[in-house]
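Here is a short briefing. Look over the sequence and the structure first, then read on.

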Amino acid sequence: MNINASGLDYKELNEALRKAGRGKCSITDCLGQRFLAAGISECEITVSGIPGNALGAYLNGARIEVMGNAQDAVGDTMNDGAIVIHGNVGDAVGYAMRGGHIYVQGNAGYRAGIHMKAYEQKQPALVIGGKAGSFLGEYQAGGTIIVLGLYDDDRPIVGNFPSTGMHGGKMFLRSDCKGIRFPEQVHTHPSTDEDMAQIEHFLRHFCTYFGHDLKALLDSPFTTVVPDSGNPYRQMYVAN
Amino acid sequence: MVREGEVRIPSGCAIAAVISREGKGITGDVIYNSMKPMHDRSNGLGGGFAAYGIYPEYKDFYAFHIFFDDRTSRKECEAYLKERFEVVKGELIPTRKIPEITDEPVIYRYFLSPLRSMVESEQVDEKEFAARSVVKINTEMNGAYVFSSGKNMGCFKAVGYPEDVGLFYRLEEYEGYSWTAHGRYPTNTPGWWGGAHPFSLLDNSIVHNGEISSYDANRRFIEMFGYKCTLQTDTEVITYILDYLIRRQGLTLEEAASVIAAPFWSTINAKPEKEKERLTYLRTVFPSLLITGPFSIVYGWNGGLMALNDRLKLRSMVTAQKDDKVYIASEEAAIRVMEPDAEDLYAPAGGEPVIVTVKEGKF
C-alpha cells in the first residue's frame with residue numbers, strides 16, 4: 001500500500017494510514033505533516049520526504065523507517081515499536097518515551113531522550129549515530145541512551161549540560177568524555193565488559209540498519225553514565 | 001475591541017526566511033508558500049512578512065507603511081507627516097480581496113524624505129528623526145499605526161494565516177533579495193493587525209517564535225532610552241533592544257547576540273581566556289538585556305539577516321543553503337518547499353547566531 005502525502009494535511013494523512021490497516025505501507029512526498037503514525041500498533045511504515053513534528057507519538061508497536069531527516073519530538077511518549085531514521089533528527093527525540101527503540105543514523109538536536117523512563121519489561125532505548133546537542137538525557141528516569149559520535153566534525157560528542165537531573169537509566173557515550181562536564185549527581189566510568197554486553201545488541205541493530213562495522217564501533221572506548229545511587233537531589237529544592 | 005497593550009492573555013509560532021548573498025531577486029510567493037507546511041504552528045491570528053530590496057525606484061526614501069482606522073485618522077497623520085517630511089508619494093498598498101482576510105484597516109504607504117530644517121532643529125541624525133516620528137505616531141495618534149519605516153524595504157502583516165496574508169498583499173508581485181515570514185499563535189495578547197509580526201523600526205525587523213520571561217525587566221531598562229513599549233509583546237521589546245545595542249551602542253551582531261542570549265556563567269568560565277573576558281564584559285555591562293525564556297528570532301536589516309535561538313534552545317530552528325541562497329525556518333519542511341535540494345542542513349545551537357550578509361554593492 002502506498003500513500004502519496006502531497007496535498008494531505010496531518011489528519012487526512014493519518015486517516016489514510018489507519019485505513020491502510022496492518023501490513024506494510026509506504027508514504028511518499030511527506031512534507032511536514034505532524035503526528036504521523038501516532039498511537040499505531042501493527043504496521044510497517046516507510047516514509048520518504050520530511051515527516052513533521054511528533055512522528056510516531058504514542059507509538060504502540062508499529063515500525064517506522066524514515067529515508068531521510070526527521071524534525072522535532074520523534075517518538076514523543078512512545079510506548080512500543082521501533083523508529084529508524086536514515087538521517088538527522090531535531091530536538092527532543094524520544095521525549096518521555098517509555099518503551100520501544102529509536103535508531104538515528106545522524107545527529108540529534110537538543111534534549112534527546114528527555115525524561116525517558118522504564119518500568120519492568122518496558123525498557124526503551126535511543127541510539128544516536130552522530131553527535132547529540134545540549135541537555136542529552138535531561139531528567140532521564142530509565143532506559144538506555146547511546147551516542148556513537150560517528151562522522152568527524154569538530155563538535156564534541158554531546159553539547160553542554162548532559163544528563164542534567166538524571167535519576168535513572170543508563171547513558172553510554174562512545175568517547176572518553178574528556179572535557180565534558182557532567183553534573184555532580186551522576187557518576188561516569190569507562191564502560192566495562194559487563195556494560196558493553198548490555199548494549200551490544202543495540203549496536204548490532206544499528207550496524208544492520210545503517211551498514212556499519214560492529215568491530216570498528218567497539219574499537220573506541222565508551223563511557224557509562226549512571227545516576228548517583230544515593231539521594232543525589234537531597235536539598236536541591238527542599239530537604240527530603 | 002481590546003487591543004495589544006490593554007490586555008495580557010497567557011506562543012507557538014512559525015518563522016521562515018530566505019536571502020540571496022548575491023542580492024538576486026526572490027518573489028514573495030517563494031516565502032509565503034514555505035509557510036504552508038507549518039500551517040498548524042499558527043492559529044490564524046496573525047501573519048506577516050518583511051521584504052528587503054523591494055522599492056529600488058524609491059530606495060533613498062523612508063517607506064512608511066501605515067494602518068489607519070478611518071479617513072479622519074489618515075488626514076490627521078498626513079498633516080503631521082507633511083510638517084516633518086517631503087512626501088514624495090502616498091498611495092494605498094495594493095491588496096487582493098480574499099474571504100480568508102477580513103476587517104482590514106485602511107492601509108497606506110508613503111515614501112518620505114525628512115525636511116532638513118526639521119532634522120537640524122531637533123539636533124539628531126536623520127535616522128533618529130525618522131524613528132522619533134514613528135514612535136510619536138504610534139504612541140500619540142489614535143487610529144494610526146506605522147508598521148514599517150525603513151528604506152527600500154517593507155513589512156506586510158495582517159490578522160490571518162501567513163499564506164493568506166501573502167496572497168492578500170499580492171507579495172508574488174514584489175521582488176526582494178531577502179524575506180522573512182511569521183505565522184502567529186498569540187498566547188499573551190489578542191490578535192490585532194498591528195500586533196502581527198514582523199515588528200520593525202527603520203529597516204530593522206524581527207520575526208519571533210517564543211515567549212520571553214524577562215519581558216518586564218527588559219522593558220524597564222529599554223524604556224529609559226526613549227523607547228515606548230506599547231504592545232506588551234515580546235517581539236516589540238526585542239526589536240528595540242537590538243536597535244539600542246546595534247544602532248545606538250555600536251555593538252556588532254555577534255556581541256548583541258552574546259548580550260541577549262548570554263551563555264551561563266559555567267559555560268563562560270570554561271571558555272578560552274579572551275572569549276571569557278569578552279563574554280564576561282558583555283554580561284556585566286548589559287545584564288538587564290539578557291532575554292530569558294524560549295525564543296527563536298530572525299532579525300533583518302538592509303543587506304542581511306541574523307537567526308538566533310535562546311541560550312537553552314527552547315524553540316526549533318534549522319538553516320540550509322543552496323547556491324547563493326540561505327534558508328532559515330522553524331521546520332525543515334518549510335525549507336524543502338523553497339528549495340527541495342537545499343544542502344548543509346544545520347540546527348544552530350542555543351545562543352549561536354547565524355549571520356548572513358549580501359555582498360557589498362549587491363543590494
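In which sense do strand 6 and strand 7 of chain A pair, and over how many bridges? Strand 6 (residues 101-104) and strand 7 (residues 125-128) of chain A pair in the parallel sense, over four bridges. This is a predicted model: local features need pLDDT of at least 70, side-chain atom pairs count only at pLDDT 80 or more, and totals for chains, interfaces and linings use all residues. Residues are numbered from 1 along each chain as its sequence is written, while chains are lettered from A and ligands numbered from 1 in the order in which they are written.

**The sheet of chain A**
- Strands (E, at least two residues) and helices (H or I, at least four) are DSSP runs, numbered from the N terminus.
- Two strands pair if DSSP finds at least two bridges between them.
- Chain A has an open sheet of 11 strands with mixed pairing, in the order 1-2-3-4-5-6-7-8-9-11-10.
- Strand 1 (2-4) and strand 10 (186-190) of chain A stand at the edges with a single partner strand each, so one side of each has no neighbour in the sheet.
- Val104(A) stands opposite Ile128(A), which lies in strand 7 of chain A.

**Confidence**
- pLDDT is the predictor's confidence in each residue, from 0 to 100.
- Chain B averages a pLDDT of 93, and 95% of its residues score at least 70.
- Over residues 7-11 of chain B, pLDDT stays under 50.
- Where pLDDT is low, the predicted coordinates should not be read in detail.
- The predictor gives the complex an ipTM of 0.92 and a pTM of 0.93.

Conventions:
Two residues are in contact if their C-beta atoms, placed from the backbone, lie within 7 Å.
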